[in-house]
Amino acid sequence: MQLHGAFGGTRQSAVLGMTTPEPLSYVAGLIAAHAAGHTGDHMHLGWFAPQHDDCDDAFGRAQTAMVERHLHHAVLPEGAVVLDIGCGLGGTLRMLNERQSGTRLIGVNIDPRQIAVAQRLTALNGNSLEWIIADAAAFARPGLSCDTLLSVEAMFHFPDMASFLQAVARVLRPGGRAVISTILLSGEGQADLARSVAVVARGYAPWPLPGLTLPQLLGLIDEAGLDLILTEDLTEAVAPTFDIIADVPPKDITPSAVTEMRRLLERGGLRYVLLVLQPRQAGGNTQK
């Protein structure tokens, strides 16, 4: 591990020894769009209310609303420590930095390009900002613990989801929470949708487990020693995103990952789920 910078309300970066995979192919375009002022600092789908307006900034507002859905479940005591795994360009931690005080905010991402953008944030209100370049399964360095762990729409990229969830269980403090959203794909029993799944998994690679089901994911969570507090299906809420970012799918399968993602959504082959987890409690699963 190499550390750069210092604590004390500024920021810190760390590089954990690892074998870095090929960078996400679509990220360069997102970073360029952000640098040009065409997009904000969020990289996820939006959460749209059932009755929403179609203003020019509807998507950006919906992306902010998606973060709010996650933060609604966060545990933020005085002096809280918050980890954001798959922090992207830093949008979620920027929001917390603007509204929290005395909070230690730590962003983790395997992609140095994204961390380089996030590092431009300046700590406010007595907060500290730190950045770790690491695989999602390798962020849990000795002595690190947190009150809230966030991971907004990133877990489907993680090559070792089981190890990630085990790391989550290790770093959560008693009473702490993990708030994680992810996308599940399914083309089971439909040959054309199976081809759509392959296009999406390739276009948004790495997507090592494109056929992972919710029961399988819940099994990994249980095996990691985490209790499930809440499962929230946000599929309908993210659907309007695709009216903005994707073409209407033609009859035949296309090479466009975003178009095929829209096809999967419209035909029931995509689910967007938010999970709220806590360290294992006596008595087992506590889902409400």
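Modeller: Leaving aside its neighbours within four places in sequence, I183 is in contact (heavy atoms within 4.5 Å) with L45, E153, F156, W207, L270, R271 and Y272. This is a predicted model, in which local features need pLDDT of at least 70 and side-chain atom pairs count only at pLDDT 80 or more, while totals for chains, interfaces and linings use all residues. Residues are numbered from 1 along each chain as its sequence is written, and side-chain values use heavy atoms, with hydrogens and water left out.

I183 belongs to the largest nonpolar core, which has 43 residues; I183, W131, L185 and W207 touch the most other members. Such a core is a set of buried Ala, Val, Leu, Ile, Met, Phe, Trp, Tyr and Cys residues joined through side-chain atoms within 4.5 Å; buried means under 20% relative accessible area, with a 1.4 Å probe and protein chains only. The largest share of this core, 5 residues, comes from α10.

Helices (H or I, at least four residues) and strands (E, at least two) are DSSP runs, numbered from the N terminus. Among the buried residues are V258, M261, L264 and L265. The buried residues of α10 pack against β7 (172-185), α6 (191-203), α8 (235-238), α9 (241-245) and β9 (270-279). Just after α10, G268 takes a positive phi of about 80 degrees.

Technical notes: Buried < 20%, exposed > 50% of the residue type's maximum accessible area, 1.4 Å probe, protein only.
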